[in-house]
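Subject: Structure handover

Dear colleague,

I am passing on the structure we spoke about, and I would be glad if you could read through it alongside the notes in this email.

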Amino acid sequence: MDTHHDSHEGGGSFWSAANVFIGLAFALFSLCAGTVLIGGGLMNAFGSKKAPDAAHAPAAAAPAAAAPTAAAPTAAPSSVKEEGGAVLVTLKPGAANPMSFDVTSFTVKAGQPVKVTFDNDSMTPLQHNWVLGAAGSKDRLIAAANGMMAEMTKWMPRGFVPDGPDVLAHTKLLNAKEKETVEFTAPKEKGDYPYLCTFPGHSMIMQGTMKVE
Ligand SMILES: [Cu+2]
């Protein structure tokens, strides 16, 4: 569509490659961590049946030095609220897993105005986007996103947003600490609409659902 040659995107491709590696590392890490958490949860569940008195164990004293007001002074908390007939959603990467969305589900009415703010406020330097897909398009979007890994320099300037009618709304590719608000009208058809980060390698776990009722 244009005559731009993408062979001089050195810095961009470096970051793309770095992000893929970081992303894959986090994916592996979170899979492992998930296993440990599930395992730990099961053990706790069994353990607490055997030892109900564990609840009386003294809680660890809160570290006095940790001033509660010091945490995240500027960032708005993630939320879903209704205001003036519109649904306002603020979401971020997950605190425990930076390759997830901390809001994994929200509900809107058919045809309702929606404003989604994706605040890439995370401890990690990962780039992310937020892409809303048509109902039933999740697997296609994941495949499209992962397919971009072979052509990072082509897709990076496009924010890794897949082509085609499956994409209903999206942010640009956001660097760490950047945020963007996208406004759209909820589809008229009720159903589950997936949203994903389509940075290659992220979408398998960085996803959620907008329910249209
Ligand atoms: Cu991402």
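This is a predicted model: local features need pLDDT of at least 70, side-chain atom pairs count only at pLDDT 80 or more; totals for chains, interfaces and linings use all residues.

H128 sits in the loop between β4 and β5, while H202 belongs to the loop between β8 and β9, 74 residues apart; both H128 and H202 are buried.

Searching the whole structure gives six salt bridges, among them one between the side chains of K109 and E82, at 3.3 Å from N to O. Because K109 is in the loop between β3 and β4 and E82 is in strand β1, this pair ties together parts that are 27 residues apart in sequence.

In another salt bridge, D166 meets R140 with the closest N and O atoms 2.7 Å apart. D166 counts as buried, at 16% relative accessibility, whereas R140 counts as partly exposed, at 48%.

The side chains of K92 and D121 also form a salt bridge, at 3.8 Å from N to O. K92 counts as buried, at 11% relative accessibility, and D121 is partly exposed, with a relative accessible area of 22%.

The largest pocket holds about 260 Å³ of space, and of the twelve residues that line it, the closest to its centre include K92 and D121. Its lining has five nonpolar, three polar and four charged residues.

Best wishes

Key. Residues are numbered from 1 along each chain as its sequence is written. Side-chain values use heavy atoms; hydrogens and water are left out. Helices (H or I, at least four residues) and strands (E, at least two) are DSSP runs, numbered from the N terminus. Buried means under 20% relative accessible area, exposed over 50%, partly exposed in between (1.4 Å probe, protein chains only). On a 1 Å grid over the protein atoms alone, a cavity is a set of points where a 1.4 Å probe fits but cannot get out, and a pocket is an open set with protein on both sides within 12 Å along at least five of seven lines; lining residues have an atom within 4 Å of a point. Grid points are joined across faces, edges and corners, and a volume is the space filled by probe spheres set on the points. Ala, Val, Leu, Ile, Met, Phe, Trp, Tyr, Cys and Pro count as nonpolar, Asp, Glu, Lys and Arg as charged, and the others, Gly among them, as polar. A salt bridge is a side-chain nitrogen of Lys or Arg within 4 Å of a carboxyl oxygen of Asp or Glu.
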